[in-house]
Amino acid sequence: MSRPNPPKTYDEIVRSTVVDPDSSMRPTRTQEKAAREGFRALDADEQVIHDRVTSALASIGATGVTAEINRELVTLRGRVPTTTALREVEDSVALVSGVETIHNQIVIGN
């Protein structure tokens, strides 16, 4: 007696396991990544530092750089085109009030 092949796609799995599947969409890769990593809400002081760092990055046009705040620690991620741009990002964030330590995880290049 042969058994049927198990479902292969997400939609097939939903159809075979959910009694009345709704028409909701599958989460995006970004949403799946965020769910795996978890969400950490910023406290009021961290939010102030985040706003200041975001403004500093915007003022120099560093659109490819994001900042994660954990107390006085700022972790920078993203890409910049040159080492000069990298130095400019580091210098502008270092001048932000409340920033004690910078972890730079920025990649140089396109």
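1. The protein has 4 helices and 3 strands, taken as DSSP runs (H or I, at least four residues, for helices; E, at least two, for strands) numbered from the N terminus. From the N terminus on, the order of elements is α-α-α-β-β-α-β. The model is predicted: local features need pLDDT of at least 70 and side-chain atom pairs count only at pLDDT 80 or more, while totals for chains, interfaces and linings use all residues. Residues are numbered from 1 along each chain as its sequence is written, and side-chain values use heavy atoms, with hydrogens and water left out.

2. The strands form an open sheet in the order β1-β2-β3, with mixed pairing; two strands pair if DSSP finds at least two bridges between them. β1 and β3 are the edge strands, each pairing on one side only. β1 and β2 pair in the antiparallel sense over 6 bridges. Asn70 has Leu73, in β2, as its bridge partner.

3. Two helices pack on this sheet. α3 touches β1 and β2, and its direction makes about 160° with that of β1. α4 touches β1, β2 and β3, and its direction makes about 160° with that of β3. Here contact means heavy atoms within 4.5 Å; axes are lines fitted to C-alpha atoms, for helices over the stretch in contact, and angles run from 0 to 180 degrees between N-to-C directions.

4. The largest nonpolar core has 18 residues, a core being a set of buried Ala, Val, Leu, Ile, Met, Phe, Trp, Tyr and Cys residues joined through side-chain atoms within 4.5 Å. The elements giving two or more residues to this core are α3 (44-59), β1 (65-70), β2 (73-80) and α4 (83-94). Val65 and Val89 are among the residues with the most contacts inside the core. Leaving aside neighbours within four places in sequence, the contacts of Val65 include Leu57, Leu76, Val89 and Ile106.

5. Ile106 lies in strand β3 (residues 101-108). Ile106 counts as buried because its relative accessibility is 11%; buried means under 20% relative accessible area, exposed over 50% and partly exposed in between (1.4 Å probe, protein chains only). Not counting residues up to four places away in sequence, Ile106 touches residues including Val65, Leu76, Leu86 and Val89. The C-alpha atoms of Ile106 and Leu86 are separated by 7.6 Å, with the two residues 20 apart along the chain.

6. Ser92, in helix α4, counts as buried because its relative accessibility is 14%. Apart from residues up to four places away in sequence, Ser92 touches Ala56 and Ile60. Over the protein, buried residues make up 20% of the 110 residues.
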